[in-house]
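Visitor: Could you walk me through this one, helix by helix and strand by strand?
Guide: Gladly, let's look at it together.

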Amino acid sequence: MSTYNPNFVPPAHAPMPLNGNNFVNGVQGSVPQQPGGPPPGQQYIPQKQPQQFQQPPPAAAFPGAGAAGNVPPPQQFKSGNTNQFLPPTSGAATPLQQLPPSTLPPHLRPPTVNGPPITNGSNGASSANSSRTASPRPIGAAPQYAQGPIAAALNNPPLASGLRPSPQPTHQSLTNLTSNLENLNLNTTRANGGTSVLPQPQTQLQYPPLTQKDGRGVASAQTGPPQFNDAKSLLAASGEAAAIVPNAMATPFSGQKPPNLAPNPAKMYGSASVASRPTPAGQRIPYGVPPPTNPEQQSQQNNNLQNAPPPPREGAVWPPSLPNVAPPGAQPMMPPAQQTSQTYPYSQVYQPAPQQQPPPSQPAVQPPPPGMFGTQPAGAPLQYQAQAPPQAYGQHPQQQPQSAPGGPYGTSAPLNVAQQGFSRLWGQDTIDLMQNRHILTPATLPPPKVVLHNQFHESINCSPSIMRCTLTKIPESNSLLQKSRLPLGIVIHPFRDVNSLPVIQCINIVRCRLCRTYINPFVYFVDSKMWKCNLCYRVNELPDDFQFDPATKTYGDVTRRPEVRSSTIEFIAPSEYMLRPPQPAMYLFLFDVSIIAQQSGYLEAACAVLNRHLDEMPGDARTQVGFICFDSFVHFYSMAEGLNQPHEMTLLDIEDPFLPRPDSLLVNLKECKELVRDLLKQLPKRFAHTHDPGSALGAALQVAFKLMQASGGRITVFQSCLPNKGPGALEPREDPNNRSAKDVAHLNPATDFYKRFALECSGYQIACDLFLMNQQYSDMATISGISKHSGGCVHHFPLYQKTKPHMVDSFRSCFKRYLTRKIGFEAVMRIRCTRGLQVHTFHGNFFVRSTDLLSLPNVNPDAGYGMQISYEESLTDAKTICFQAALLYTNSEGERRIRVHTVCLPVTASLPEVMHSADTEAIIGLLSKMAVDRSVASNLSDARDAFINATIDVYNAFKIAQNLPSGQSGQLIAPRSLALLPLYILGLLKHPAFRVGTSTRLDDRVYAMDCMKTLPLDQLMKYVYPELYKIDALIYHARNSNISSNQDDDEDEDEPLPELPRLQLSAEHLDSRSIFLMDCGTLIMIYVGLNVPPDVLEAVLGISSTAELGDYVYGLPNVVSNENDVLKRFILRLNYDKPYSALVQIIRDTSTAKGQFIERLTDDRSESSLSYYEFLQHIRAQVK
């Protein structure tokens, strides 16, 4: 073989042998052997002019090389044997002993240089280093460099001018780099007896400018996508902006890889020829850079002429702030639908041009084939780096990609800004929960956004505060849903108070003739006369009056109608939606006046609130009210016309109760308002001196039903003890010694009397609401049945005493909201789904009249519901699905209305997209409802186990979906959408509804379970996992702002409050010098540290020392200061979306009430439960 000519370059379009086995930079290629050139397998790298220090090559760099001066013969291509790629060599040689000693670890040293030859590990030798030297890894993933000369060179930051001095690598460092590249590129020739790689001596390698280092000191190249600082820059850079192929050999990639940065298998496996790029004077060409295809440029390279590249292409932008300046090697970045399939081998390094050096020409970018997205079919789901990579040549199928610590899925190799931006924009970023224990960040709190690829539909989609689905992308089949192990369902708040609700009154309400779906923004208009239903796909006709726009009073475009421009709308129903004339507002109050009730003093507070807000109760001129009291007997009050005061009648026969008179027990509120007020003043005094311990609740309910069955309405029951007289009498079942037992008994009702009563009431449009003001066990599991099955609500005030002002204030606020909130009578609700889906389980307080129709005798704005969804058939042909909830009710003015909510969600066939689209809060809302049913049907232990198993199953499914390495890796990888799932699950396990090992009264547990079933999602999340804030920033804001106590209130209200970050519920965040606020929903606790500065205490609380605070302090004191005003405004903001203002409790650090605050710190370990990190360890150990 003749001596190699360094200036020789092969033709750009040289034919390639199809069966040639060549490795180019460790990647199999097909480069033919040229006459007079190097042997096959060698890369054509033109030699540049010697610069600065030239290091002669070693003589014994090859295993088995001879004495100094001997040049090893080039390896010839032989059939059946894969040749090693060898850089060109030179005639000069330098003895090996002249080289400086290597500082690399033994497993990274080149062959025969200060160490033994490196083996692949496949032959059993050096097995300890096999996983670190040549273990397979996903194609496109970054290599893991260790510290040493190469890493030091790579970590050298660029100069201020953007250039760096020319490196002067030693021959040893260059050999190390080449050997490392060979190992990391999955070169399998060593296992087959091939030799190691020897780099070209006198060849100076120029490294790209690097700007970022990870935790191990490995630099991240700035040669990838531009480093943007915000999402707007990311979006602006797509389209015609230039995209730079990243230096994958220097940038650890730990996230989801954009499709346009994935390695091209065609390039890597030799389906296209790989030639050399023209070499400008003074500039090196790194390994793996494709050659130009322009003959003129190739002629310049062959003649070693000075570089004279053409001007940059139009439209290229580099950097984003400097237009029309394209870097060398840049290729266009296109939006996902237009990305090209032109990619380079992952060992390519982008070389920036020296100063005042024009960039070289661009290779032609080949457009993707029709129907292809990058290198994937356009219809197929996007494939990301975390999924299974294509197997390299010679890799065994059973070998799994191994990730070193801090590797692709760790956190010690952070993503650059562009990679993080792409992952965030696509919703595909992951996180290691074991390395990110403080997970409650603004990035994890918002729910996933519903992406419909239609800006109008996204803007008008149903509000998440009204209806949310557990998945924002619906799996196309039941099998795909089962693979994800996620629950599919919706949580809905149908009668929520809405500020701007469109109300339409029309002659014809447009509905589908087949499935009776109401027309909505997501239907398809065939033309101005026809529309296609988005649930059953039937084509329907539009009535002529639908073309009339009520807003502009003109005829024209049907898409301007309010029905198709709002996903939440209310219709005034015509007469065909009425079975009978609308009923008037009917309110009947039942008061327990037994001895225990009198001792609690609740009747005085209830009558006072009712008297004060009598005029604010919803209704019209037909509104009627009535009152019944009961102890061992039942007491009626007649307010007939002509009476000066109410007339009391007592029913002694409680076994067979009856109405003492047919009329005047329910009276018109407007006509008899004075008699009603007089009665409310007399009732607390009337039974103040009675000592009757009996409670005939069952008899009182029976006569109330007889009184209300003619018209329907609402029965409000106040109970303070266990019913022990007449029908429905109960016996105590709770054992106080077993309140902390693992197995909780008596969660089911003791008798079905109250359930049968509720079902009978539901048939006559009567709802029962319960206020339990008990001092002792009252068997709420049984008596709450009157509300659960009649569409009512339950309120619990345990240990209520009139001597406790905070409890009185809390009850007054709750009862005021109950009396004055809007109400819907004789309501029914139906949930409709797109064809292929159906509702199979309902959760909440209602009666299921048919398979999909809920009977709600009363509906209130504070009630939430949940539904589980199942598949009837596959959704393969559907791009989107819709859920529609229609609530038909009678308002308090006697008007029949229909409130319609419609939500639209996309359908996907990709399991990773399903996992990344999970809505954690909606999942928690649905799982909590399912767990309550499981506790009642089976036992509490099964429900607790179901919580833990559901978490493990979800993370197992995600691990399989992303092809993460199996085994105990010390990591718990989760999509960011599910990062808070273990945190909330732990909050459920420690909640009074499901906790064990902590003393919990049975009535308290049953009430907590009822709240799980009925609370709207926003209130439920605060109930499960309270919000903790450090309010020092508010105090400093008040002191540093321009607000003055002498200014007007309007100016104070206009001053924006700072956004306080939420803290996780752990004592590690507490500081004795600070003040903390915990929002638990109905209770707000302010925790005052022991060492808070006296001036802060004086300004916020009006005290000079924490010693002045009592053990139990309620209410925020009125202090004339900016700090106090800002804190009040912050509390008002927290209370804005609540049904009523929360009770404020102030707790000092040494108070006996501190335990109430500490027990809500669910992240910390307790005597009977794990801490959050221990819970994560338990989950990680179970995830296989």
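**A walk around helix α24**

Guide: In the protein chain, 58% of the 1184 residues are buried, where buried means under 20% relative accessible area with a 1.4 Å probe and protein chains only. This is a predicted model, so local features need pLDDT of at least 70 and side-chain atom pairs count only at pLDDT 80 or more, while totals for chains, interfaces and linings use all residues. Residues are numbered from 1 along each chain as its sequence is written, and side-chain values use heavy atoms, leaving out hydrogens and water.

Visitor: How is α24 oriented relative to α27?
Guide: Helices here are DSSP runs of H or I with at least four residues, strands are runs of E with at least two, and both are numbered from the N terminus. Helix α24 (residues 1032–1040) packs on helix α27 (residues 1122–1134) at about 130°, their axes 8 Å apart; axes are lines fitted to C-alpha atoms, for helices over the stretch in contact, and angles run from 0 to 180 degrees between N-to-C directions. Angles under 35 degrees count as roughly parallel, over 145 as roughly antiparallel, 65 to 115 as roughly perpendicular and the rest as oblique. That makes α24, relative to α27, oblique.

Visitor: How many nonpolar residues does the contact of α24 with α27 have?
Guide: Contact means heavy atoms within 4.5 Å. From α24 come Leu1034, Ile1035, Ala1038 and Arg1039, which meet Asn1122, Glu1123, Val1126, Leu1127 and Phe1130 of α27. Ala, Val, Leu, Ile, Met, Phe, Trp, Tyr, Cys and Pro count as nonpolar, Asp, Glu, Lys and Arg as charged, and the others, Gly among them, as polar. By class, the contact has one polar residue, two charged and, for nonpolar, six.

Visitor: Which strands stand at the edges of the sheet?
Guide: Five strands make an open sheet with mixed pairing, ordered β36-β37-β38-β40-β39; two strands pair if DSSP finds at least two bridges between them. Each edge strand has a single partner, so one side of each is left without a neighbour in the sheet. The edge strands are β36 and β39 (1113–1114).

Visitor: In which sense do β37 and β38 pair?
Guide: Asp1079 stands opposite Ile1084 in β38. Across five bridges, β37 and β38 (residues 1083–1088) pair in a sense that is antiparallel.

Visitor: At what angle to β37 does α27 run?
Guide: α27 lies across β36, β37, β38 and β40 (1143–1148). Its angle to β37 is about 20°.

Definitions and conventions:
Buried means under 20% relative accessible area, exposed over 50%, partly exposed in between (1.4 Å probe, protein chains only).
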